[in-house]
Structure formats: structure tokens, C-alpha cells
Amino acid sequence: MPHINASKPILITGCSSGIGLCTALGLKQRGYRVFATARKSEDVEKLSNQGLESFQLDLTDSNSINIAVDAVLYETQGELFSLFNNGAYGQPGAVEDLSRDVLREQFETNLFGTHELTNRVIPVMRNQGYGRIIQNSSILGLVALPYRGAYNASKFAMEGLTDTLRLELNNSGVYVSLIEPGPIESQFRANAFAMFKQNIDREHSAHRDYYAGVEKRLSKKGHAQPFTLPPEAVLKKVIHALESPRPKTRYYVTTPTYIASVLRRSLPTSLLDKILLKASAAENK
Ligand SMILES: NC(=O)c1ccc[n+]([C@@H]2O[C@H](COP(=O)([O-])OP(=O)(O)OC[C@H]3O[C@@H](n4cnc5c(N)ncnc54)[C@H](OP(=O)(O)O)[C@@H]3O)[C@@H](O)[C@H]2O)c1
């Protein structure tokens, strides 16, 4: 594919590890002007040491979002070609074990912060008459799995908000794409395990017997799930969403996502539930 938009500025969230880091480095190598943000200052320093322009951006903090956007727009004289909303975490735990605060925190990062950031850049893109907003959703924005309720809800909400936004930006020159990765190598599982230990009261849960399996899965090193792909598989789709004259509305990544997207449209819910319960039992045994 030709590098039609190389050297254009792109802002990425959550670049300390995994997909964000891989995408930041890959796009820089391709010639983009990458603003790789991270929420911790030590990660901002690491990113700068890797030759990336980097700013602190914590999605739970409006002030941090505003300062980062102002800094990026100052550097680019007000231009922003693309925003890759990537930063997020998974809060594991059964729905009945999620307190209101824990569920809210999941939404503060995965949805509300992302939404606030997006709303900061939309006027810039509207004025330019062009722009690409890319949302890193998930296979778990398409189908649900047990013990992933908070994350499922945040990604389902992202899907709904994004579908609406795409309709509202019709003919504005601003394209909105969703990426739907299945299992990808990153720090995601390790970070989710930390949130599980921090926020879920295992001992007093009706699900405590199942949680042993959940903990085993979350603490596994390497590939915990079959069909896991490296983050470069997401980078490839991001490049298409940036450079195609007609970016897709949804990009599926990994075999499980392709399967899930077909099953959710073709099966009755009761049958889909049976398949999802089997898949969950297999991964948490
Ligand atoms: N890995 C998978 O299997 C998979 C599958 C489907 C979708 N995804 C999606 O892919 C995206 C990237 O995840 P990943 O797999 O690369 O996992 P990761 O290695 O854990 O990276 C997640 C990134 O999000 C950042 N983040 C967390 N809370 C944040 C906050 N409040 N403000 C700003 N950044 C924050 C993390 O920063 P810290 O290092 O500071 O925590 C980290 O940089 C996420 O949207 C995730 O939902 C991943």
C-alpha cells in the first residue's frame, strides 16, 4: 500500500507496552509523526529515549488529556491527522462481584476518557476537513464471556458510541474505524491480573471455585490462548485504516474474532451462550 499519508501527525494512547508501543514504533518507521502518550512519566521517558515524541496522558484525568492535546497541537501548528484510541485495561471478575466504583473506574479509562479525548480532536479534524479516528475495541466488544463483564460492557459501549459517531461524521471527511482484536501478545493479561487481585473479593464470592481457574489463566506466561497473534497484526490493520481511501468500519484481527463475528450474527442467543460457556470453561480450567 502506498504511504499516502506518511509524515502526518498521529496521537496514540497507552504506548507503554503491547499494541500501543508496537503501533507507535511501526508508524514512526513508516514515516508518520507519532505522538506516543503514556500515563506514567517513566514510560514517557522510555518512549522519548526510543526516538518518539511523547507526552503524559492519563485517560482518567481530564486535565492530563487537555494538557497532552494542547502540547501535540502546539507542536503540529494545530494539525492532527489521526487519533488511535488504544489505552485501556481489563477488570476481570463476575458481574455480581463488581462494585459500583470498580465498574465506574473501568468506564473512566476505557470509555469516558477516550470519549473526552476524541471530543477534543473532532473540532480540529472537522476544520481540516480530514482525519482518521481509530478505536481499539475487542472481540469482547462483539460477544460476551463470563468474568469479563466490566470490560465487555466498556467495549460494547465503545462499539455503540463509535457506530453513532461514524453516522454523525458522515461526509465530514473524518473517518472512524473500529479494530476488533482477539488474543494479542501484550501486558494486558498481567495488568488484568493485578486489577483482579486489587478489586475482587475472591473469598466471599459465589464464584470463588471458578476464580482459581481465572487466576491460573491470568497468571500464565506466554500464550494463554490459542490463535494468539503478535501486536504487529493490529499494526497492519491500523495502517489500512490510516492509508486506505475507504477505511473499513470494522477490522477483525485473529481467527477467534472472525468466528465470533459470524456466530453472533447467525446464531440464536441461547445457542451462542452454549458455545461461549464452553469456550470459557476451556480457557479457565
Ligand atoms: N491483548 C489483547 O489480547 C487484546 C485483545 C483485544 C483488545 N485489546 C485492546 O488493545 C488495547 C491495548 O491493550 P494491550 O493488549 O496492548 O495491553 P497492554 O500491554 O496492557 O497495554 C494497555 C495500555 O493502556 C494503558 N492504560 C491503562 N490505563 C490507562 C489510563 N488510565 N490512561 C492511559 N493509558 C492507560 C496502559 O498503561 P500502563 O502501562 O500505565 O498501565 C498500557 O499502555 C486495549 O484497548 C485493549 O482493550 C487487547
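The following dialogue reads selected features of a predicted model.

User: Let us begin with the sheet. How many strands form it, and in what order do they stand?

Analyst: In general, the strands of a sheet pair through backbone hydrogen bonds, either parallel or antiparallel. In this structure, 7 strands make up an open sheet, ordered S3-S2-S1-S4-S5-S6-S7, and their pairing is parallel. Strand S3 (53-56) and strand S7 (250-253) are at the edges with a single partner strand each, so one side of each has no neighbour in the sheet. From one strand to the next, the twist averages 20°.

User: Which bridges join S1, S2 and S3?

Analyst: S1 and S2 run parallel and are joined by 4 bridges; Ile12 stands opposite Ala36 in S2. S2 (residues 33-38) is joined to S3 by 4 bridges, again in parallel. Here Ala36 has Ser54 of S3 as its bridge partner.

Analyst: Helix H3 (residues 62-75) lies across strand S1 (9-12), S2 and S3, and runs at about 155° to S3. Helix H8 (residues 232-243) also packs on the sheet, where it touches strand S4 (82-85), strand S5 (131-136), strand S6 (174-181) and S7. The direction of H8 makes about 160° with that of S7.

User: Are the residues of S2 buried or exposed?

Analyst: S2 is mostly covered, with 6 of its 6 residues buried. Both of its faces are covered: Arg33, Phe35 and Thr37 are buried on one side, and Val34, Ala36 and Ala38 on the other.

User: Which residues of the largest nonpolar core touch the most other members?

Analyst: In soluble globular proteins, nonpolar side chains tend to be buried together. The largest nonpolar core here has 47 residues, of which Ile10, Ile12, Ala24, Val34, Phe35, Ala36 and Val238 touch the most other members. Ala24 illustrates the contacts: apart from neighbours within four places in sequence, Ala24 is in contact with Ile12, Cys15, Val34, Ala36 and Leu52.

User: Where is Thr23, and which residues is Thr23 in contact with?

Analyst: Thr23 is placed in helix H1. Thr23 counts as buried because 29 C-beta neighbours lie inside 10 Å. Its contacts, leaving aside neighbours within four places in sequence, are Ile12, Phe84, Asn86, Val234, Leu235 and Val238. Thr23 and Asp43 are 20 residues apart in sequence, and their C-alpha atoms are 15 Å apart in space.

User: Why does Thr60 count as exposed?

Analyst: Thr60 counts as exposed because it has 12 C-beta neighbours inside 10 Å, and 12 or fewer is the cut-off for that class. Thr60 lies in the loop between S3 and H3. Not counting residues up to four places away in sequence, Thr60 touches Glu108, Thr109 and Gly113. Thr60 and Ile239 are 179 residues apart in sequence and 27 Å apart in space, C-alpha to C-alpha.

User: Which residues surround the ligand, and which helix gives the most to the shell?

Analyst: The ligand is surrounded by 29 residues, and the closest are Gly14, Gly18, Gly87, Ala88 and Ser186. Helix H1 (18-29) and helix H6 (188-199) are the elements that give two or more residues to this shell. H1 gives the most, with 3 residues. By class, the shell has 11 nonpolar, 15 polar and 3 charged residues.

User: Finally, where does phi of Asn171 and of Phe227 stand?

Analyst: Phi of Asn171 is near 70°, a positive value in a residue other than glycine. Asn171 is in the loop between helix H5 (149-168) and S6, and is exposed, with 5 other C-beta atoms within 10 Å. Phe227, also not a glycine, has a positive phi of about 70°. Phe227 lies in the loop between helix H7 (208-219) and H8, and is partly exposed, with 13 other C-beta atoms within 10 Å.

Definitions and conventions
Residues numbered from 1 in each chain as written. Predicted model: local features only at pLDDT ≥ 70, side-chain atom pairs only at ≥ 80, totals over all residues. Near = placed C-beta within 6 Å. Nonpolar A, V, L, I, M, F, W, Y, C, P; charged D, E, K, R; others polar. Pairing = 2+ DSSP bridges. Axes fitted to C-alpha atoms, helices over the stretch in contact; angles between N-to-C directions. Contact = placed C-beta atoms within 7 Å. Core = buried A, V, L, I, M, F, W, Y, C linked by C-beta atoms within 7 Å. Buried ≥ 20, exposed ≤ 12 C-beta atoms within 10 Å, placed from the backbone.
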